[in-house]
Amino acid sequence: MDPSVARAFLAAAAVFLIDIASKAAVVAALPYGSSEPWLPVLNIVHWRNEGAAFSFLHDAGGWQRLFFSAVAVAASVVFAVLIRRPQTGRPQRLAFGLLLGGALGNLLDRLARGAVVDWIDVRWQSFYWPAFNVADIGITLGAALIVVCELRGGKTETWPR
């Protein structure tokens with residue numbers, strides 16, 4: 001087996017484990033809806049998002065939990081297959097691993113809590129970014145890496161091992 005396959009699954013496991021541990025710590029330490037300043041531009045908050053990115057469909061009445069859970073399961077299967085596919089390049093494997101870990105982290109939250117715990121709150125002057133979590137970071141980095149790979153024309157043989 002190509003070592004990059006194992007590294008991709010390790011990246012998925014790292015994102016997943018850090019995500020669930022950080023969410024558990026926030027849920028245990030902060031009451032729902034609270035906010036604790038941590039740095040001048042960063043607050044640790046305890047929010048729950050019943051929707052998807054940027055609270056998309058958060059108030060849709062409950063059906064969205066099953067829908068987003070099904071999407072996460074399907075995406076996770078696709079990412080796992082793409083990681084193991086022989087023609088997938090090393091950076092793409094890493095990207096799919098990050099996406100897999102993020103999808104599984106948010107899926108577990110949806111199934112266990114009925115919503116995704118978001119706890120990272122970035123603000124600077126009048127700039128505000130919606131709260132997010134480690135799974136969201138994995139998903140964003142994975143997607144960005146896929147874009148970079150595509151901008152490079154899919155050529156991965158020159159990337160470092």
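Author: Q125 sits in the loop between β3 and β4, the latter covering residues 127-132. Strands here are DSSP runs of E with at least two residues, helices are runs of H or I with at least four, and both are numbered from the N terminus. The model is a predicted one, in which local features need pLDDT of at least 70 and side-chain atom pairs count only at pLDDT 80 or more, while totals for chains, interfaces and linings use all residues. Residues are numbered from 1 along each chain as its sequence is written, and side-chain values use heavy atoms, with hydrogens and water left out.

The backbone of Q125 has a phi near 50 degrees, which is a positive value in a residue other than glycine. With a relative accessibility of 70%, Q125 counts as exposed. On this scale, buried means under 20% relative accessible area, exposed means over 50%, and partly exposed is in between, using a 1.4 Å probe and protein chains only.

W124 belongs to strand β3, residues 116-124. W124 is exposed as well, at 52% relative accessibility. Although W124 and P40 are 84 residues apart along the chain, their C-alpha atoms are separated by 7.8 Å.

Two aromatic residues, F127 and W129, come next. Their ring centres are 6.4 Å apart and their planes make 25 degrees, so the pair is stacked. The rule takes rings of Phe, Tyr and Trp (for Trp the six-membered ring) with centres within 6.5 Å; planes under 30 degrees apart are stacked, over 60 edge-to-face, and the rest tilted. F127 is partly exposed at 41% relative accessible area, and W129 is partly exposed at 38%. In total, 3 aromatic pairs are counted. Another is F79 with F96, whose ring centres lie 6.1 Å apart with planes at 20 degrees, so this pair is stacked. F79 is in helix α2 and F96 in helix α3, so the pair ties together parts 17 residues apart in sequence. Both F79 and F96 are buried.

Now the sheet. It is an open sheet of 4 strands in the order β1-β2-β3-β4, with antiparallel pairing. The edges are β1 (35-39) and β4, each with a single partner strand, so one side of each has no neighbour in the sheet. From one strand to the next, the twist averages 30 degrees. Two strands count as paired if DSSP finds at least two bridges between them. Strands of a sheet pair through backbone hydrogen bonds, either parallel or antiparallel. In this model, β1 pairs with strand β2 (residues 42-49) in the antiparallel sense over 4 bridges. For E36, the bridge partner in β2 is I44.

Helix α3 packs on the sheet, touching β2 and β3, and its direction makes about 120 degrees with that of β3. Contact means heavy atoms within 4.5 Å. Angles run from 0 to 180 degrees between N-to-C directions, and axes are lines fitted to C-alpha atoms, for helices over the stretch in contact. Helix α4 (residues 134-151) lies across β3 and β4, at about 75 degrees to β3.

F79 and F96 also belong to the largest nonpolar core, which has 9 residues, including V5, A8 and L100. The elements giving two or more residues to this core are α1 (3-29), α2 (63-84) and α3 (90-113). Apart from it is another core of 8 residues, among them V26, I44, F132 and V134. A nonpolar core is a set of buried Ala, Val, Leu, Ile, Met, Phe, Trp, Tyr and Cys residues joined through side-chain atoms within 4.5 Å.

R93 and D2 form one of them, at 3.2 Å from N to O. R93 is buried at 3% relative accessibility, whereas D2 is partly exposed at 33%.

Conventions
Salt bridge = Lys/Arg side-chain N within 4 Å of Asp/Glu carboxyl O.
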